[in-house]
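Me: Got a complex open on my screen and I'd like to talk through its contacts. Can you take a look with me?

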Amino acid sequence: MMQNDLQTASTSRIDAVLARHPGAARDSLIPILQEVQEAQGYLSEDAMKRVGQHLKLPASKVYGVATFYNQFRFSAVGQFHIALCRGTACHVKGSAKVLDALKLALKIEPGQTTKDGMFSLEILACIGACGLAPAMLVNGETYANVTPDSVRAILHDCRKRSAKNA
Amino acid sequence: MSNIEVNGRTIEAQPEDTVLAALRRAGVRIPTLCAMENLLPSGACRLCVVEVEGQRNLVPACAFPVTPGMKIKTHTPRAVKARKTIIELLLADHPDDCLYCARNNNCDLQRLAQEHGVRARRIHGEKIRRPLDASSPSLVRDPDKCVLCGRCVRVCEEVQAVSAIDFVGRGSKTHIGTAFDEGLNVSSCIHCGQCVHVCPTGALTEQSHVEDVIQAIAAGDKHVVVQHAPAVSVTIGEMFGLKSGADVAGVLTAALRRIGFAKVFDTSFAADLTVMEEASELAERLTKGGALPMMTSCSPGWVKFVEQFYPKLIPNLSTCKSPQQMMGAVIKAFYAKQAGIDPHKVFSVSIMPCTAKKFEVSRPEHSRDGVADVDAVLTTRELAQLIKMHGINLKELTPEGADTPFGERSSAGKLFGATGGVMEAALRTAHFLVTGKELDANFKPTAIRGLNGIKEAKVKVGDKELTVAVASGLKNARTVLDQMLSGERHVDFLEVMTCPGGCIAGGGQPLGVPLEAIRERMQALYTIDKEDTLRTAHQNPSIQKLYKDFLGKPLGEKSHHLLHTHYEVRDVA
Ligand code: SF4
Ligand code: SF4
Ligand code: SF4
Ligand code: FES
């Protein structure tokens, strides 16, 4: 798809969400943001501005509220969406070091997406896979007992897969 | 009325009082950080905690209502220790930068630490660093010095109805940011600087031009001239231990000459010029038709507010430039020519009570052929710094007369410094222009004077009765505009000042002054007007001469070119 088509598609997705909330007021802000994220995968600046206009709220307020909650992300997810569990068990087993390794390798913070759009990073509260700690998901697929070394290998593997499909 | 007991002493309290309000009235001082005059308490900082008999925990005085007979202790060791701990926690995540800070010696945080005897860093914690935002032409935001009291957010929303900034993020990542954490320059900020006034620390300061001015004077290859705004001369004395409201125009002129300015102009003269143009524009709109109400355009924060939030009302804005910009244009286009100086060689400085004026000079419409009308803007605060830096004490100087290449001002121009002043000055002249007669004693200007946020009056101009309205503080302006748009309110001529009270309470004025000082500055302006013999712009012989020698007539071709401007719709978040 061309850039323009992408934009139109996302605009109409936001429109569809807003159309479901005619005459909504400030207390609908969070549910609307959730629906927009559902529809768009993340909250774009444009979407937040439009939500603000719809609810007659300044964009700074919408952004302030959205950034208060961990559930919202502000960039589109990458081709490979990496979610690292930071629950207690994973923490005890060394997930902090894994997170550092991921941040260093990808040069992004949780909630962000790499410039080439290949990887996005997210941290999750306990995902209930404590037996596999530290646990990590890549596009929903679980990797158990990850270490700084093993995640570097996983990233490498993702890149290879992506190159093959291209 | 109900009595309460404070530290063993009985004091009177009003039924609606918070504990803080009752304490303040009785002269009992406790520290506060987040509490703001005239706004509802947020109870966020808990610095104001006191002991109330029967309450197990300390209570925040700013948010706690009085009940008859309640017993309060304000300075028990427990309360004082709680406050001190809060201060220590704030300092744990604060740079130790006082020596390099604009607020050194005038900082609430510093004062609180001092008053509570904080002498050692007891609490160690990670210092969270965030980048400085110097993108705005008017303000600098240093998040490292922010204590997250929320006062700036509240003034921006609840007083100015702008909401350019808000709390962003949560937990240890919480900070004050614009929408999408972009630079303040691309946000909806209208540069009013009211947030600087309420900030207890050096997290918000003006974008300083002091160094540029010093360099320009020192370089010697430029003819450096200066203009000072009507509100400045009734304020600057305060910063040198003179009584607030004292008019020190004479010694200010003397000081500016000593600093090295080649010419000292009075912006009030340009205000007279603004009155001539604006009154003519009003007369034309009334007689020949044009967008009504006409809205004043001398307050640059308000102008940007209309451009971004009420673009449909742009045609209602007067096309007149502000006095600062008119003076700037006339200095470079007329004075320079007369004095035989290349306009490129003139460095034109203005001294303003305003941070938005720094934004105004940067608007591209205010340059002609690559020459800006005004090159640097100093706030009243920066002026004080410049004077002190030169070892000058205003108290020791003898007053000198202003340079008058353009001649004298009328006292109408001086009124521009207070809310309602532009209206009063313009009505005097508009009445004359429409009817050929002076506005007589039948018009009592009291209705449009004073510090009320929204004022209204009826005035007869010829056979028409005009409804004029005056608003200061943009929340009030928004109220008036919304009432106008819904048909609830009819207005023919609307004056808006961005800052509550007008320029005398502008974002560039001294920090931490009581409302009383602002009243006194206002009184000073009206006293000047009362005692003056030349009280209208159109009777000002120097103004008449400038039209005769150079400008032609109001709204004429030259005026159009030099003294009028246009506006743009702005799409901001
Ligand atoms: S804000 Fe106050 S305490 Fe902080 S460095 Fe500046 S003067 Fe010191
Ligand atoms: S300068 Fe005025 S508009 Fe800008 S952030 Fe401060 S209070 Fe808001
Ligand atoms: S910038 Fe100043 S006023 Fe705003 S929250 Fe920080 S300390 Fe308070
Ligand atoms: S001043 Fe009372 S809680 Fe901040």
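Me: What does Lys61(A) form a salt bridge with, and how far apart are the closest N and O atoms?

Reply: Lys61(A) pairs with Glu157(B), and the closest N and O atoms are 2.7 Å apart. A salt bridge here is a side-chain nitrogen of Lys or Arg within 4 Å of a carboxyl oxygen of Asp or Glu. Mind that this is a predicted model: local features need pLDDT of at least 70, side-chain atom pairs count only at pLDDT 80 or more, and totals for chains, interfaces and linings use all residues. Residues are numbered from 1 along each chain as its sequence is written, chains are lettered from A and ligands numbered from 1 in the order in which they are written, and side-chain values use heavy atoms, with hydrogens and water left out.

Me: How many salt bridges does the rule find across the interface of chain B and chain A?

Reply: Two. There are also six residue pairs in polar contact between chain B and chain A, both residues at pLDDT 80 or more. A polar contact is a pair of N or O atoms within 3.5 Å; within protein, one must be able to donate a hydrogen and the other to accept it, and residues adjacent in sequence count only if both atoms are side-chain atoms.

Me: And how much area do chain B and chain A bury between them?

Reply: About 1300 Å², with 56% of it on carbon and sulfur atoms. That is accessible area (1.4 Å probe) lost when two parts are put together, summed over both. Asp166(B), Arg170(B) and Phe180(B) supply 48% of what chain B buries against chain A, more than any other three residues.

Me: Switching topic: which residues surround ligand 3?

Reply: Chain B residues, among them Cys146(B), Cys149(B), Cys152(B) and Cys199(B), plus others including Ile176(B) and Pro200(B). To be listed, a residue needs a heavy atom within 4 Å of the ligand. By class, the shell has ten nonpolar, two polar and no charged residues. Nonpolar covers Ala, Val, Leu, Ile, Met, Phe, Trp, Tyr, Cys and Pro; charged is Asp, Glu, Lys and Arg; the others, Gly among them, are polar.

Me: Last one: how is chain B divided into domains?

Reply: Domain 1 is 2-75, domain 2 is 89-206 and domain 3 is 211-563, with bounds from an automatic or database domain assignment. Domain 1 and domain 2 of chain B bury about 900 Å² between them, 70% of it on carbon and sulfur atoms. On the domain 1 side, Leu33(B), Met36(B) and Leu39(B) lose the most area to domain 2, together 62% of what that side buries.
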